[in-house]
Amino acid sequence: MSILQSIFTDYYEPIIYKLHPRPSVIENVNKMIHCGDSSHVGAMYGCPHCGNLKFVPFRCKSRFCPSCGNKYNQLRSFHMSCKLVSCVHRHCEMESSYPLVHLFVKLKMKCTPDTKTTKLLLKLFLLWTSSRN
C-alpha cells in the first residue's frame with residue numbers, strides 16, 4: 001500500500017462526511033484505495049504445463065492513482081513525443097532591459113495575431129534580434 005493510499009484509507013470518513021465530495025470523486029478515491037489489492041478483485045492464471053497458479057490483482061487505471069497515473073502520464077508523453085515535429089527552434093525571452101518590451105506592453109490589448117500592429121512589432125523584433133547576433 002502506498003503512502004497516498006494509506007492516507008486516504010485513514011481519513012476516508014472525514015473526507016466523505018465533512019467535505020461532501022461529488023460521487024465521481026468518491027468513486028475515484030475508492031478505486032485508488034483498492035488498486036492492486038489482492039483481497040479485492042483480480043484474475044487467476046494457471047500454467048498448463050506445470051500447473052502453477054498465479055493471482056494478479058486488477059489495477060484501477062485512474063489518473064488519480066499514484067501508480068496508474070504515473071503510467072498514464074508516461075504513456076501520454078511518449079505518444080506526444082511521437083507526434084511532435086523534430087526541428088530546431090529558437091526560443092527567446094524578452095527582459096525589461098529590451099527597448100521593445102514597452103511597445104509590447106503598451107499595445108498588449110490592441111494586438112491580436114492578425115493585426116497589422118502585431119505583424120509590424122514582430123518584424124521590428126526580428127530585425128532587432130538579428131542585428132544583435
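1. Let's begin with a pair of helices. Helix H1 (residues 3-10) packs against H3 at an angle of about 125°, and their axes are 9 Å apart. That angle makes H1 oblique to H3, because an angle over 145 would be needed for roughly antiparallel and 65 to 115 for roughly perpendicular. Please keep in mind as you read that this is a predicted model.

2. Now look at how the two helices meet. H1 passes H3 in a left-handed crossing. On the H1 side, the contact is made by Leu4, Gln5, Phe8 and Thr9, while H3 brings Val29, Met32 and Ile33. Sorted by class, this contact of H1 with H3 has 5 nonpolar residues, 2 polar ones and no charged ones.

3. Two loop residues deserve a look at their backbone. His20 has a phi near 50°, a positive value in a residue other than glycine. You will find His20 in the loop between helix H2 (12-19) and H3. Is His20 buried or exposed? With 59% relative accessibility, His20 counts as exposed, because exposed means over 50%.

4. Lys61 is the second one. Its phi is near 60°, again a positive value in a residue other than glycine. Lys61 sits in the loop between strand E2 (53-57) and helix H4 (66-83). The relative accessibility of Lys61 is 70%, so Lys61 counts as exposed.

5. Finally, step back to the whole chain. How many helices and strands are there in the protein? There are 6 helices and 2 strands, and from the N terminus on they run α-α-α-β-β-α-α-α. The protein has 133 residues, of which 16% are buried. Among contacts with a separation of 6 or more, 34% come from residues 24 or more positions apart.

Note on methods
Residues numbered from 1 in each chain as written. Predicted model: local features only at pLDDT ≥ 70, side-chain atom pairs only at ≥ 80, totals over all residues. Heavy atoms only, no water. Helix = DSSP H or I, 4+ residues; strand = E, 2+ residues; numbered from the N terminus. Buried < 20%, exposed > 50% of the residue type's maximum accessible area, 1.4 Å probe, protein only. Axes fitted to C-alpha atoms, helices over the stretch in contact; angles between N-to-C directions. Parallel < 35°, antiparallel > 145°, perpendicular 65-115°, else oblique. Left-handed = near helix turned anticlockwise from the far one by under 90°. Contact = heavy atoms within 4.5 Å. Nonpolar A, V, L, I, M, F, W, Y, C, P; charged D, E, K, R; others polar.
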